[in-house]
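Here is a short report on one protein chain. Look over the sequence and the model first, then read on.

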Amino acid sequence: MGKELWKPGNMLYPLPAVMVSCQEGDGSPNIITVAWTGTICTNPAMVYISVRPERYSYDIIKKSREFVINLTTKKLVKAVDYCGVRSGRDVDKFKEMKLTPVPGEYTKAPLIKECPVNIECKVVKIEELGSHHMFIARVVGVHVDTEYMNEKGKFELNNCDLIAYSHGQYFDLGNELGTFGYSVKRKDGKTSSNKRLSENRKSSKKASRNKASGNNVSRNKPSGNKETIKKEKNNKVSMQKSTKKKTDFKNREVREKGK
């Protein structure tokens, strides 16, 4: 099986197909479908969308410097496609697709109620790259649908039937193939990196205890077996007797000379 070389182009798929809502001032809200989008930073939370300057939503976002990314589901796939091929200059997309605009907390741009996740964004920079201009934005608020919260209070994002866009087609996400880090997990469920971390922590704690106790333990603890200890004791007694004899002899000499 060989490889065929093509000219440079965009073949990075699949991508999220999101509906981006926007509004300038007291104007009418609009929706644009975007696939050129993604996360660019975790802390602070930052995202981007890339839009052609000729699109109706481009000027709205450029002037308002804010937008909302709304994640999409299988139920919304028709609306996703429609909002990507019809212009807000000609139609009210909210009305045509029976979508509900909901006021945002931090932006004038509305949320789309029917979407499970709504990400409010403020533009911090615009990069004029070529066919598309990139709006780099800071995430200022995230709204999630409580319908997908489980009994433990966890948001089950992967139960929302999210969709993706790949090479001109829409797809659902299919079956789970694994979880993050599963390739290095051991049979007990821990990862090898966790094992190393645990061992390092144990060694560090042991070293700290030894350092804190110093040499007191070794001085107080007898060394060797019973015979060695007995021999050391006898040698100590012998040395004391010898020293006493020498002292007595010197004292006797001194007394005799004094006579």
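## Surface and overall makeup

Accessible areas come from the Shrake-Rupley method with a 1.4 Å probe. On that basis, the chain has an accessible surface of about 19300 Å². Carbon and sulfur atoms account for 51% of this surface. The model is predicted.

The chain has 259 residues, and 27% of them count as buried. Six helices and 12 strands make up its list of elements. Take the contacts between residues at least 6 apart in sequence: 59% of them join residues at least 24 apart.

Strand E11 covers residues 163-166, and strand E12 covers residues 169-172. The two pair in the antiparallel sense, over four bridges. Tyr165 stands opposite Tyr170 in E12.

Two residues lie between E11 and E12 in this hairpin. His167 sits in the turn, with a positive phi of about 55 degrees.

## His132, between E9 and E10

Strand E9 spans 117-128 and strand E10 spans 133-144. The loop between them holds His132. Is His132 buried or exposed? The cut-off for buried is under 20% relative accessible area. His132 has 17%, so the residue counts as buried.

The side chain of His132 makes a polar contact of 2.9 Å with the side chain of Ser131. Which residues does His132 touch beyond its neighbours within four places in sequence? They are Trp36, Ser50, Val51, Arg52 and Glu127.

Met149 is in the loop between E10 and E11. Its relative accessibility is 32%. Partly exposed covers the range between the buried limit of 20% and the exposed limit of 50%, so Met149 falls in that class.

Met149 also belongs to a nonpolar patch on the surface, with Val142 and Val144. Together the three residues have about 230 Å² of accessible area.

## Glu24, between E2 and E3

Glu24 lies in the loop between strand E2 (18-22) and strand E3 (30-34). Its relative accessible area is 37%, and Glu24 is partly exposed.

Which residues are in contact with Glu24, leaving aside its neighbours within four places in sequence? Ile60, Lys63 and Ser64 are. Glu66 is 42 residues from Glu24 along the chain. The C-alpha atoms of Glu24 and Glu66 are separated by 8.9 Å.

Methods
Residues numbered from 1 in each chain as written. Predicted model: local features only at pLDDT ≥ 70, side-chain atom pairs only at ≥ 80, totals over all residues. Heavy atoms only, no water. Pairing = 2+ DSSP bridges. Buried < 20%, exposed > 50% of the residue type's maximum accessible area, 1.4 Å probe, protein only. Polar contact = N/O pair within 3.5 Å; in protein donor to acceptor, adjacent residues only side chain to side chain. Contact = heavy atoms within 4.5 Å. Patch = residues over 30% accessible without salt bridge, like charges linked within 9 Å, V, L, I, M, F, W, Y side chains within 5 Å. Salt bridge = Lys/Arg side-chain N within 4 Å of Asp/Glu carboxyl O.
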